[in-house]
Amino acid sequence: MIFSRALFSLLALQICAVNAFPAYQSLAGLTREELDVVIPTLKFVPPPSPPGPLADDSTKLVNDAAHPFIAPRSSDQRGPCPALNTLASHGYLSRNGIVSPVEVINAVQEAFNLENSFARFLVYSTFLVNGNPITNLMSIGAKTSDTGPNPPPPATVAGLNTHNNCEGDTSMTRADFFFGNNHDFNETRFQNVAKISNQFGAGKYNLTVAAKLREFLFKDSLMNNPTFSMVSPRLFTAFAESVFPINFFVDGRDKSGQLDMDVARGFFQKMTFPPDFHRHDGAISSEGMDVVFNNFPIVPGANQGRVNSYKPDPTSATLSEPCTRYSNFVERNIKSLYPNPTGVLREALSINLQFLFEATVAAGDACTQVFPFGR
Ligand code: HEM
């Protein structure tokens with residue numbers, strides 16, 4: 001008997017779907033039409049619930065023998081987040097950079113001590129716009145067929161490099177999307193970090209430096225990037241990322257809050273822990289973000305197609321409006337990618353949306369749940 005290619009692939013996928021990390025290469029050659037036939041018939045395995053907080057969140061050695069640094073191969077995905085890149089290069093995440101939400105939550109908790117509700121919100125919001133809900137896989141870098149057959153457009157399933165889903169302007173060590181490469185390490189921008197650390201931190205990156213650098217980065221994008229945008233969710237991540245290097249990249253036994261530039265380069269460029277690195281002592285998230293914001297408070301907004309034309313956007317959430325951030329993100333960002341999902345796609349999205357909402361509950365935000373695809 002001769003199987004058609006689509007049927008063969010469907011069987012392969014059904015078999016794989018009961019395993020944790022299926023190999024989807026057999027589907028790579030299928031056309032859009034063939035995929036549309038296959039995807040709705042998949043034996044869907046619901047994504048597992050996210051893990052809770054660590055039982056023991058004290059500091060410990062994380063650059064250990066079980067997690068050696070191995071430089072990525074050319075086929076491995078790496079992207080704009082220095083933490084996820086490092087976790088993949090040390091084997092806390094799949095070394096090929098293709099990850100599931102639960103895998104990321106476990107890794108950022110275990111190796112960096114990222115607080116549970118914060119980790120869950122970050123991961124599910126990112127996954128819902130950049131990951132593949134059907135296969136439960138996401139690239140930490142570029143779009144790739146390694147995350148499996150994609151749901152139909154306008155969904156993009158394009159990995160963390162995707163501009164203006166989670167990735168955005170004013171990064172510390174990556175250029176704005178407008179300038180061509182928003183995900184690879186950029187030496188010129190790192191030199192700005194080093195320069196401002198010399199000016200305000202005696203050569204170390206600390207909270208004072210973080211505030212001055214963020215002000216510099218905003219003004220730099222304002223004056224040079226006609227497409228500069230600083231609306232939610234980027235508003236939140238920009239300020240949070242300013243303090244992440246202090247909270248997570250300083251060794252957990254060191255309480256000084258001062259990040260050495262060689263260690264910083266190790267994470268941002270080389271994607272590696274320093275030798276003997278211990279994680280933060282106790283779960284932590286964006287502590288210190290208020291100091292950075294109060295130094296240079298900005299209202300959400302964007303340039304209007306030319307430099308220095310910043311216009312406030314009153315519809316964007318501000319930093320004190322986490323529930324507007326949540327509901328706008330669901331109703332605008334996610335809905336624009338998935339206007340009318342059906343079948344297992346709708347089911348997968350609804351489960352991940354539930355996990356996202358539960359993260360807001362765990363964070364104590366008291367938001368009203370929104371159901372973009374009905375209950
Ligand atoms: C302890 C955990 C984490 C740390 C310490 C961390 C750290 C950082 C830092 C410092 C940046 C800014 C890079 C720069 O401006 O040059 C960044 C960017 C980014 N991170 Fe992470 N991150 C963590 C977890 C995550 C998670 C869980 C996700 C999503 C699954 C994520 C997604 C991103 C993305 C999309 C960017 C690009 C944002 C941009 O600058 O445009 N990160 N991360």
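# Close-up views of a predicted protein–ligand model

**Figure 1. Overview of the predicted model.** Buried residues make up 45% of the 375 residues in the protein, a residue being buried if 20 or more other C-beta atoms lie within 10 Å of its own, exposed if 12 or fewer and partly exposed in between, with C-beta atoms placed from the backbone. This is a predicted model, in which local features need pLDDT of at least 70 and side-chain atom pairs count only at pLDDT 80 or more, while totals for chains, interfaces and linings use all residues. Residues are numbered from 1 along each chain as its sequence is written. The protein has twelve helices and five strands; helices (H or I, at least four residues) and strands (E, at least two) are DSSP runs, numbered from the N terminus. Of the contacts with a separation of 6 or more, 68% are between residues 24 or more positions apart, two residues being in contact if their C-beta atoms, placed from the backbone, lie within 7 Å.

**Figure 2. Confidence along the chain.** The mean pLDDT of the protein is 91, and 88% of its residues reach 70 or more, where pLDDT is the predictor's confidence in each residue, from 0 to 100. Over residues 1-29, however, the pLDDT is below 50, although this stretch has 33 contacts in the model beyond near neighbours in sequence. Where pLDDT is low, the predicted coordinates should not be read in detail.

**Figure 3. The shell around the ligand.** The ligand is surrounded by 25 residues, of which the closest are C81, A83, S171, M172 and T173; a residue is near a molecule or strand if its C-beta atom, placed from the backbone, lies within 6 Å of it. At least two residues of this shell come from each of the helices α3 (82-89), α4 (101-112), α5 (116-130) and α8 (234-248), and α8 gives the most, with five residues. By class, the shell has 17 nonpolar, five polar and three charged residues, where Ala, Val, Leu, Ile, Met, Phe, Trp, Tyr, Cys and Pro count as nonpolar, Asp, Glu, Lys and Arg as charged, and the others, Gly among them, as polar.

**Figure 4. Helix α3 and its cover.** Helix α3 is mostly covered, with eight of its eight residues buried, namely P82, A83, L84, N85, T86, L87, A88 and S89. The elements that cover these buried residues include α4, α8 and α9 (261-270). After α3 comes G91, whose phi is positive, near 80°.

**Figure 5. Helix α12.** With 20 residues (343-362), α12 reaches 29 Å from its first C-alpha to its last, close to the 28 Å expected at 1.5 Å a residue, the expected span being 1.5 Å times one less than the number of residues. Its buried residues are L345, A348, L349, N352, L353, F355, L356, F357, A359 and T360, and what covers them includes α5 and α11 (322-337). G364, which follows α12, has a positive phi near 80°.

**Figure 6. The open sheet.** Three strands form an open sheet in the order β3-β4-β5, with antiparallel pairing; two strands pair if DSSP finds at least two bridges between them. Because β3 (229-230) and β5 (311-312) stand at the edges, each with a single partner strand, one side of each is left without a neighbour in the sheet. Strand β4 (residues 301-302) is joined to β5 by two bridges, and G301 stands opposite P312 in β5.

**Figure 7. Surroundings of D169.** D169 lies in the loop between β2 (138-139) and α6 (187-201) and counts as buried because it has 27 C-beta neighbours inside 10 Å. Its C-alpha atom is separated by 7.4 Å from that of S221, 52 residues apart along the chain. Leaving aside neighbours within four places in sequence, D169 is in contact with D176, S221, N225, F228, S229, M230 and R234.

**Figure 8. Backbone details in the loops.** The peptide bond from P153 to P154 is cis, with omega near 10°, and P154 lies in the loop between β2 and α6. Another cis peptide bond joins S232 and P233, with omega about 10°; P233 is in the loop between β3 and α8. N113, in the loop between α4 and α5, has a positive phi of about 65° although it is not a glycine, and N113 counts as buried, with 26 C-beta neighbours inside 10 Å. N164 also is not a glycine, yet has a positive phi of about 70°; with 16 C-beta neighbours inside 10 Å, N164 counts as partly exposed.
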